[in-house]
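Have a look at the picture, then read on.

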Amino acid sequence: MFRKTLIGIIGFCSLTVAIISNASATVIDATLTADNHFGLYVGDDDGTNIDYIGRDSATWTTTDDFSFNANNGQRLFVYAWDHGGPQSFIGQFTGWNGELLTNTQDWEWTLMGTSESDPGSTGSPLSSGALETALLSAQWQNVGWSAPNGSSPWGTFSNIDSNANYIWGDGSNTTSAVVVFRSTQLRISDVPEPAPLALLGLGLMGLGMARKRRK
């Protein structure tokens, strides 16, 4: 009897641990736009295991919404290109214990090489693998320029937090250049959800009671 109880409790605890492990991933809701276009990615801190999320559907005059899974410790990567000047973008990212906005503190940027071309208005941005390769030689720099949501000529995007800023590199990039922005941290909470912790506690309590009855 004790053996059957023990097997059941072990199975229960294993399932609970699996649930807790999955709690380290969360759904991120993103709203952003770029002047002129962007591709959105998520990946590991060192620029590996990158997943392509999607690209803009129009131009900088409209925003795009995305929902995707991200793991604890991962970063956001925004591949941006412009048709008439330095690249900029503005956005908000929510879905964990906090909110990440575009600003000069939480983002950095790097200039892509000449082999990373402008995908145009409808072309496909770099594949995940191609971006990983390009980032091997990235030289990340602090975001040097920003402007509040509502600044001319872009105007106000009411569906993006008013505290978010338009951000770009140093303002001197050539028209044909492609820039990648990277969040300095995604700030996903790695604290397990209360419910899975409670289930694990019940399983361990049951194991203790079974051992006590055995004695």
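F93 and W107 are both buried, where buried means under 20% relative accessible area, exposed means over 50% and partly exposed is in between (1.4 Å probe, protein chains only). Keep in mind that this is a predicted model, so local features need pLDDT of at least 70 and side-chain atom pairs count only at pLDDT 80 or more, while totals for chains, interfaces and linings use all residues. Residues are numbered from 1 along each chain as its sequence is written, and side-chain values use heavy atoms, with hydrogens and water left out.

**Aromatic pairs**

- Searching the whole structure turns up 11 aromatic pairs; rings of Phe, Tyr and Trp (its six-membered ring) pair if their centres lie within 6.5 Å, and planes under 30 degrees apart count as stacked, over 60 as edge-to-face and the rest as tilted.
- Take F89 and F181: their ring centres are 5.2 Å apart and their planes sit at 50°, so this pair is tilted.
- F89 belongs to strand β6 (residues 88-96) and F181 to strand β12, so the pair ties together parts that are 92 residues apart in sequence. (Helices, H or I with at least four residues, and strands, E with at least two, are DSSP runs numbered from the N terminus.)
- F89 counts as buried at 1% relative accessibility, and F181 counts as buried at 0%.
- F93 and W107 make a tilted pair too, with 5.7 Å from centre to centre and 40° between the planes.
- That pair links distant parts of the chain, with F93 in strand β6 and W107 in strand β8, 14 residues apart.
- There's also a cluster: ring pairs link W145, W154, F157, Y166 and W168.

**Helix α2**

- Which residues of helix α2 (residues 128-135) are buried? They are S128, L131, A134 and L135.
- An α-helix has 3.6 residues a turn, so residues three or four places apart point the same way.

- Most residues other than glycine have a negative phi, and most peptide bonds are trans.
- D35 and N36 are joined by a cis peptide bond with omega about 5°, and N36 lies in the loop between β1 (25-35) and β2.
- Another cis peptide bond joins S152 and P153, with omega about 5°; P153 sits in the loop between β10 (145-148) and β11 (165-168).
- N49 has a positive phi, near 50°, though it isn't a glycine.
- You'll find N49 in the loop between β2 and β3, and at 48% relative accessibility N49 counts as partly exposed.
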